Amino acid sequence: YGENRYQTASAVEAEAIKLGCNADRAVYVNGKETVDSLIAGPLIAKRGGVMRLYDGKPVDSKYTVVGGESSIKSYNGKGRIDGRDRFETAINIAKSDFPKAKTAILVAEDKTADALAAISLSQAYDAPIYYTRNRVLPAGVKDYLKEVGVNRVLIVGGEKSIDPFLEASVKNLHERANELGSIPILMYHHIDNRKDRYRRSPEEFYNDLDILCLLYTSDAAED
């Protein structure tokens, strides 16, 4: 740890490098924007890199940054990934690093703890995380999921985070849903009340994962 978030991030990076993460694949995010950090999580895990917090100093063009020019100004490279909002930024990360992923992970736009927990799931399934509103899947997200032909959706969060109405709409993303069958949905919420829509045993479920994922919901996420 350190005296502030920047020192703590540096200490975490040093330990991550010891464990095999690549400093040359560092991804910069605004040190004061929690959302950018969460959105960048799957990207960093996919690349085996480290997260660095932007503190106003110029960023070398060889690195990737997540966030618009208002978040990270001192950058002239071609590796910027951003969007008009968190929904579009997450889609652009999917396009950049998960172009063939047929599994999609959905989390509510305002549930930071769910988004944090979902990063492990993203790594396990090699799948991107998309953000959604409580009852309505944003048009851009819906269109992209249809475009790439997603055939499985993992929803992280309880019904207070993502309404069952949205779950029903996700099942029928494909126009030929009645012919092909609905998209399978797996929902994860509190660890003691998890639903597995595939109706598999816990042993079968965990055998499918490369790492053990602890999924939870909370009102706030700590550093």
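The lining of the largest cavity is made up of 8 nonpolar residues, with no polar and no charged ones. Keep in mind that this is a predicted model.

**The cavity**
- Searching the whole structure turns up 1 cavity of 30 Å³ or more.
- The largest cavity has a volume of about 40 Å³.
- If you want to find it on screen, look for I39, P42, A90, I93, F98, P128, I129 and Y131, which line it.
- Helix α2, α3 (86-97) and β6 (129-132) each put at least two residues into that lining.

**Strand β1 and its partners**
- Strand β1 covers residues 27-30, with V27 and V29 pointing one way and Y28 and N30 the other.
- Whichever way they point, those four residues are all buried.
- β1 pairs with strand β2 (residues 51-54) in the parallel sense, over 4 bridges.
- Y28 is a handy landmark here: its bridge partner in β2 is R52, and its bridge partner in β3 is V65.

**I155**
- You'll find I155 in strand β7, which spans residues 152-156.
- I155 counts as buried because its relative accessibility is 0%, and the cut-off for buried is under 20%.
- I155 and V107 sit 48 residues apart in sequence, yet their C-alpha atoms are 6.2 Å apart in space.

Conventions:
Residues are numbered from 1 along each chain as its sequence is written. This is a predicted model: local features need pLDDT of at least 70, side-chain atom pairs count only at pLDDT 80 or more; totals for chains, interfaces and linings use all residues. Side-chain values use heavy atoms; hydrogens and water are left out. Buried means under 20% relative accessible area, exposed over 50%, partly exposed in between (1.4 Å probe, protein chains only). Two strands pair if DSSP finds at least two bridges between them. On a 1 Å grid over the protein atoms alone, a cavity is a set of points where a 1.4 Å probe fits but cannot get out, and a pocket is an open set with protein on both sides within 12 Å along at least five of seven lines; lining residues have an atom within 4 Å of a point. Grid points are joined across faces, edges and corners, and a volume is the space filled by probe spheres set on the points. Ala, Val, Leu, Ile, Met, Phe, Trp, Tyr, Cys and Pro count as nonpolar, Asp, Glu, Lys and Arg as charged, and the others, Gly among them, as polar.
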